[in-house]
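Me: I would like to go through this complex with you. Could you take my questions one at a time?

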Amino acid sequence: MITVLVLMTLGIGLGFFVGKFPKVIKGVDKMTTWSIYLLLFLLGIGVGLNEKIINNLHTIGLQALILTIGAILGSLVFAYITYKLFFKSK
Amino acid sequence: MKNSLIILGFFALGLILGLTRFLPEVIMESDFSLYALYLLMFLVGIGIGADRSSWRVIKETNIKIILVPLCVIIGSLVGVGVISIFTPEIQLKEALAVGAGFGYYSLSSIFITQISGETLGVIALLSNILREIITLLAVPIFVKYFGKLAGIASGGATAMDTTLPIISKYTGKEWAIIAIFSGIVLTILVPFLVPFILEVL
């Protein structure tokens, strides 16, 4: 995963210089969108081929849902505290 | 929203092809996704570096604004941590990695798939999509009971784009800039935080 972070950092550096060229940025945006499509497509294939996941989809879905509820409730509680302490006067 | 549907469409298409085994041998036997991920992260990096407005937002705002993404990070991780304590099937580290997606489902699920395999990758995908959907549906209620930062917190990384309109509508336009800032910080952190949790912790 280090490779990924190095590539991203290189990208940020390069991005800083190409930021002046709207055409380049537009192209980069398009390619980004398409590589996300490609990766999710490949993930779909991987999941479809993976019998362990397909046979346990209800358990996996339930786990995903309760993790989401946890993440949202936790964020809400901390956001409430932060709001009361630091932002209320605004 | 349209983009999310297309992404789901591609995932569904891949899923159907995988289920029916309607694929050439090469694709079933080798894994191109790591190279696709390398390309994606390079492109994401260029996007972040090139975006003048994100640099400006960060420069112009006062220090207090940092507290917003910070409370979303702590809140999300504490929340999923508590869940993992009560659910023996979910390990703490896995729960934290899923929670650290902050709603950025495409990137977090891709990372988690690479590091921990497809099962957890799918949990991350579903969980983070749900975060976006629940936020879109429930922001008015959240804001009513948890204050003005609630929509921004619930939206996580999506507060900068997909959930921004609804957050701005129910919280007020003056909070939009804070929502964008928080979303940008969380979006940038996802590719660092998720591998960190899975590989270092």
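Reply: Over residues 62–83 of chain A the end C-alpha atoms are 31 Å apart, and the chain there is 100% helix and 0% strand; helices (H or I, at least four residues) and strands (E, at least two) are DSSP runs, numbered from the N terminus. This is a predicted model, in which local features need pLDDT of at least 70, side-chain atom pairs count only at pLDDT 80 or more, and totals for chains, interfaces and linings use all residues. Residues are numbered from 1 along each chain as its sequence is written, while chains are lettered from A and ligands numbered from 1 in the order in which they are written.

Me: Where does UniProt place the "transmembrane region" in chain A?

Reply: The unreviewed UniProt entry places it at residues 31–50 and 62–83 of chain A; such annotations may be inferred rather than shown by experiment.

Me: And how far apart are the ends of residues 31–50 of chain A?

Reply: Their end C-alpha atoms lie 28 Å apart, and the span is 95% helix and 0% strand.

Me: What ipTM does the predictor give the complex?

Reply: The ipTM is 0.85, and the pTM is 0.83.
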